[in-house]
Amino acid sequence: MNIKQSFRIIFRNKTYSILNILGLTVGITSAALIFLWVEYKMSFNRAIPNVENIYMIGQNQRYGDEINTFFVASSPMSRTLNESFPEIKCNTRSGGEGSQTFILEKENKSFTEYGRYMDATTFDMIGMKFIRGDARTAFNPAFPIVISEKMSEKIFGKDDPVGKTLRVEDRLYEVTGIFEDLPGNTSFQFEWLIPFRILENDCIERGWISVDHWGSNWHSCYVEVQSSTDIQAINQKLKGLISEKTDGKNDTELFIYPITKMSLYWEFKDGKATGGGYIRTVRLFFIIGLVIVFIACINFMNLSTARSQKRALEVGVRKTFGAKRTKLVHLFLNESGIMTVLSLVLAVGLIYFCLPSFNQLVSLKLSLDFTNPVHVCGLLGVALICTFLAGAYPAFYLSSFSPMNTLKKQKISTGSAAWVRKGLVIFQFAVAFILICTTTVIYQQIQYAQKRDMGIKKENLVTFGVTPGFINNYDAIQNELRGTGFAESAALSSQTLLQIWSNGGSYKWAGKNLNTNPLISIVQASPNLIHAAGLNLVSGSDFLPQDSMGSMRIIINQTLADMMGEEGRIGGKIGQSDDPTQHHEIKGIVEDFVFNDAYRGKSDPVIFFPTYSSANFLFVRLKPDVNQIEALAKIKSVLQQFSPDKSFEPTFMDDRFNRMFSGDRLEGKLAALFAGLAIFISCLGLFGLSAFSAEQRTKEIGIRKVLGASIKDILVLLGKGYMVLIIVALAIGIPVAWYIAGNYLRDYSYKISLSWALFTGVALLVVLIAILTVSFQSLKAAVNNPVKSIKTE
Amino acid sequence: MIKITDLEKIYRTEEVETVALNKMCMEVKEHEFVAIMGPSGCGKSTLLNILGMLDDPTSGSFVFNGAEVSKYNENKRSDLRKANIGFVFQSFNLIDELTVFENVELPLVYNNIKPAERKVMVEAALEGVQMMHRRNHFPSQLSGGQQQRVAVARAVVNNPKLILADEPTGNLDSKNGVEVMQLLTSLNEKGTTIIMVTHSEHDSRYAHRIIHMLDGKTVTENFLKELVYAAQ
């Protein structure tokens with residue numbers, strides 16, 4: 001009975017109900033999308049059955065006063081864990097992650113798939129399920145490979161691939177198993193696995209690694225501890241392990257870190273997890289989600305109390321005929337409950353409608369799942385919160401009216417409610433303003449870094465991934481490339497230069513302060529790399545072909561030259577050996593270029609070594625005015641002459657550079673989206689409030705017009721009150737936004753400076769939006785024929 | 001049924017003190033029909049609010065059915081009110097969002113009467129005011145006279161011992177006004193006590209007794225008719 005009446009009240013007050021339901025629907029939808037994203041981020045690695053016991057090996061390396069934390073391991077690690085750590089059930093090494101081109105010989109087809117090299121212990125550790133083959137023996141043959149269901153279907157169709165071979169360069173791998181496709185959102189994303197020992201042997205053969213060296217970290221290592229093991233005890237035992245094994249020469253400390261924390265809590269300071277990392281962003285968005293729901297609830301509260309005059313009579317009548325206050329509270333909560341449920345139903349529809357676009361935006365496959373109790377409870381929880389948050393205050397406020405006053409149609413005094421209403425409007429607009437300001441700052445900061453001169457000429461620069469077999473033919477390839485007429489220059493590098501993931505310490509030079517031990521980034525370069533990458537030489541020259549024949553010449557960057565003081569000059573010497581005659585001679589100094597972090601102010605020290613046997617990238621600089629499509633096709637065909645199996649997908653340096661910002665840009669876009677929604681919902685509320693106040697003041701407006709007020713006077717009269725609220729909101733919002741934006745920028749050293757222009761601009765925008773919203777209703781009231789409005793009562 | 005002695009109601013604001021009721025004394029017997037008249041601001045409505053237990057007196061005694069109720073709290077007053085008193089207002093005060101049936105039903109809902117029983121009682125009340133055919137209409141679809149008849153039905157649906165009517169014909173034309181007064185008279189004849197505030201000399205003549213008020217107290221009382229006990 002009550003429900004039916006509540007429905008009727010909702011349907012008979014269309015403007016009010018539509019504003020409320022629309023606001024709540026948009027609010028719940030926004031929050032749900034944010035929460036789905038947060039859930040995804042929080043559930044990293046949770047799909048692995050035994051995840052609580054899986055950890056990663058981490059190292060705290062000391063460089064001077066600084067401790068740097070890396071999740072890497074050296075060759076002796078795994079063996080030592082097996083021998084002396086019974087509390088660790090098993091470990092697996094992981095490396096060589098990337099795309100490989102596999103050839104199905106008989107059909108002469110090639111397939112490029114992503115995968116890595118790991119140990120057989122992986123299968124059990126992360127719960128891989130074999131559809132074909134036997135996990136226990138899969139890695140027994142000399143060159144086995146296990147592949148995912150998806151990859152198997154792609155290459156072999158419905159056939160059973162076990163026993164068939166796939167060729168990579170000149171090696172044949174025997175397929176020994178197929179595993180069920182792995183869940184997404186874990187540390188383990190691969191379509192194929194090859195035994196780690198094969199990678200290790202290759203590296204040893206090429207002389208890249210030494211099996212016994214504790215300081216040469218080149219892979220990562222996961223461990224599974226025995227259940228209910230004391231992790232602190234393991235860490236205590238690991239801490240001094242390297243020092244003990246190296247007779248104190250290497251003071252690197254080891255520890256294990258849960259893989260559930262790898263994506264969100266990766267920030268380390270002084271060798272300790274700070275509890276920070278991406279979790280900060282996730283938390284921030286979670287709060288934004290809650291705030292948006294709250295803003296929608298505010299509309300509800302405000303519109304309810306603003307309409308109180310209308311409901312007052314009803315309250316009076318009901319009370320006169322015996323309704324107790326609790327009954328009335330129920331009645332009003334019923335209404336807010338029904339509205340919330342309606343909004344929830346609409347929101348679910350809207351979520352389904354928006355999810356594809358939202359997924360595209362965040363590059364994920366999020367979905368709302370009604371068999372997932374978390375999702376169902378989450379939605380119901382939001383609905384319950386909305387009902388009470390939005391309904392409770394109006395319910396208690398409206399039910400407090402005295403029947404005596406309301407029945408006499410006296411104006412009930414709305415003192416407290418009016419103040420609460422004003423406060424809430426101020427809150428809404430302050431929040432919307434803060435969100436818009438912060439978003440704009442994020443956007444400007446990204447733009448600023450993207451326009452930065454990186455020190456590398458990114459234009460017309462293309463990179464190709466290369467393999468050791470390819471490098472052997474490098475001289476011939478160079479000639480052919482020159483012959484195409486499209487390439488201005490070409491070179492090999494171990495790093496993309498936008499990112500340098502190799503580094504080392506313990507470098508010495510004459511006059512060095514022995515208390516310091518800077519971590520130096522290392523690039524292996526072929527002749528001509530400096531020129532091809534467009535780095536600027538400050539002095540000296542680029543590598544020449546003869547440098548690659550075992551010369552001891554190197555090129556350093558300006559930061560390292562400055563660090564080396566006197567010795568940081570052409571002819572200066574630097575090396576890791578204690579014997580100065582074994583040191584390398586500086587033949588060139590390049591201007592600093594930005595790598596790894598586009599927001600960093602100062603560059604790290606870099607050394608370029610003139611060896612390229614372990615190069616990973618071929619840099620080709622195209623001539624400026626050539627047809628790029630034609631040029632790339634030609635270059636690809638040249639490269640394929642030497643490695644016919646490889647597809648050689650080109651990556652422009654510009655794209656690599658833009659990819660460095662993809663995370664920030666995503667956050668920026670998300671923040672902008674939700675800032676826009678926040679202001680939209682706030683305006684719905686303002687629209688409703690101004691509609692009701694215009695309606696309530698119809699008679700007053702009529703009288704004023706009869707007495708000579710112009711339309712403009714009326715607009716000012718009606719708008720004034722709201723403008724004061726908006727200005728107060730801005731006065732509160734500006735310092736808060738300033739603080740938040742400043743805090744955000746604090747993490748960057750290459751950054752914009754906060755300007756008043758930005759805050760003023762956003763403030764004007766908010767005022768303009770508010771004026772438009774309020775004027776729409778006020779104008780309607782102002783142009784009414786006064787004769788009509790005076791007679792309304 | 002009602003006896004008030006030395007009843008005072010004083011409204012205080014920061015600057016002024018307004019005496020609405022000044023040591024008012026009055027007695028109303030069961031089955032009586034009393035009209036209260038007087039100029040605007042003489043305290044009629046205040047009196048009616050206190051009699052209806054919507055407001056409490058500043059001082060003095062108010063005995064209802066033998067119980068001293070002037071010190072009752074909100075809840076107790078509400079219980080007493082919903083069981084014993086029906087109201088008819090000048091401006092009808094029907095709830096726009098409820099149908100005729102639901103408006104009349106309202107007092108029964110708050111008296112926790114079962115739905116089946118409610119239906120019988122509401123229909124009886126609507127029959128009594130000849131509004132049964134409009135049971136599913138909304139107030140806005142009715143004329144003023146019809147609305148007031150619905151309001152009367154709402155006031156009597158619970159069989160209250162007392163009906164308080166505050167200028168029940170004030171918003172009606174004379175023909176509809178007469179109809180409503182006849183309705184009230186017939187209710188009174190069936191035993192309901194009625195206290196009615198009115199400005200209309202014509203309406204006051206339906207009462208047994210007219211109390212004239214001025215400045216918060218009774219100035220004259222005119223007995224028009226003998227009180228005849230109606231058959232229950």
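Tutor: Domain bounds come from an automatic or database domain assignment. Keep in mind as we go that this is a predicted model.

Student: Which domains does that assignment give for chain A?

Tutor: There are domain 1 (1-44 + 270-413), domain 2 (51-262), domain 3 (424-454 + 661-793) and domain 4 (468-645).

Student: How far apart are the C-alpha centres of domain 1 and domain 2 of chain A?

Tutor: Those centres lie 49 Å apart. Where the two touch, domain 1 of chain A gives five residues and domain 2 of chain A gives six. On the domain 1 side, the classes are two nonpolar, two polar and one charged.

Student: What would you look at for chain A as a whole?

Tutor: Begin with its extent: the C-alpha atoms of chain A fill a box of roughly 100 × 60 × 55 Å along the principal axes. Within it you can find 25 helices and 25 strands. Of the 793 residues of chain A, 40% count as buried.

Student: What share of the contacts in chain A with a separation of 6 or more comes from residues 24 or more positions apart?

Tutor: That share is 81%.

Student: Where does A:Ile242 lie, and why is it called buried?

Tutor: A:Ile242 belongs to helix H8 (residues 241-245) of chain A. It is buried because 23 other C-beta atoms lie within 10 Å, and the cut-off for that label is 20 or more. Leaving aside neighbours within four places in sequence, A:Ile242 is in contact with A:Trp214, A:Asn250, A:Thr252 and A:Leu254.

Student: How do I check the length of a helix?

Tutor: Compare the expected span with the distance between the end C-alpha atoms. Helix H24 (residues 756-782) of chain A has 27 residues, so at 1.5 Å a residue it should span 39 Å. The end C-alpha atoms of this helix are 36 Å apart, which agrees.

Student: Where does H24(A) bend, and which of its residues are buried?

Tutor: The bend, about 30°, is at A:Ser775. The buried residues of H24(A) include A:Phe759, A:Val762, A:Ala763 and A:Val766. Further along H24(A), A:Thr773, A:Val774, A:Gln777 and A:Ser778 are also among the buried ones.

Student: Let's turn to sheets. What is the general idea?

Tutor: Strands of a sheet pair through backbone hydrogen bonds, either parallel or antiparallel. In chain B, an open sheet of four strands runs in the order E2-E1-E4-E5, with antiparallel pairing.

Student: Which strands are at the edges of that sheet?

Tutor: Strand E2 (17-28) and strand E5 (67-68) of chain B are the edge strands, each pairing on one side only.

Student: How many bridges link E1(B) and E2(B)?

Tutor: Eight bridges, in the antiparallel sense. A hairpin of four residues joins E1(B) to E2(B), and B:Ile10 stands opposite B:Val19 in E2(B). Strand E1 (residues 2-12) of chain B also pairs with strand E4 (residues 59-64) of chain B, antiparallel over five bridges. There, B:Lys3 stands opposite B:Val63 in E4(B).

Student: Finally, how many residues are in contact between chain A and chain B?

Tutor: On the chain A side there are 18 residues, in contact with 19 residues of chain B. The elements giving two or more residues to the chain A side are helix H1 (2-12), helix H10 (308-320) and helix H13 (403-407) of chain A. H10(A) provides the largest share, five residues. By class, the chain A side has eight nonpolar, three polar and seven charged residues.

Technical notes: Residues numbered from 1 in each chain as written. Chains lettered and ligands numbered in written order. Predicted model: local features only at pLDDT ≥ 70, side-chain atom pairs only at ≥ 80, totals over all residues. Contact = placed C-beta atoms within 7 Å. Nonpolar A, V, L, I, M, F, W, Y, C, P; charged D, E, K, R; others polar. Expected span 1.5 Å × (residues − 1). Bend = angle between axes of the 7 residues up to and from the residue. Buried ≥ 20, exposed ≤ 12 C-beta atoms within 10 Å, placed from the backbone. Pairing = 2+ DSSP bridges.
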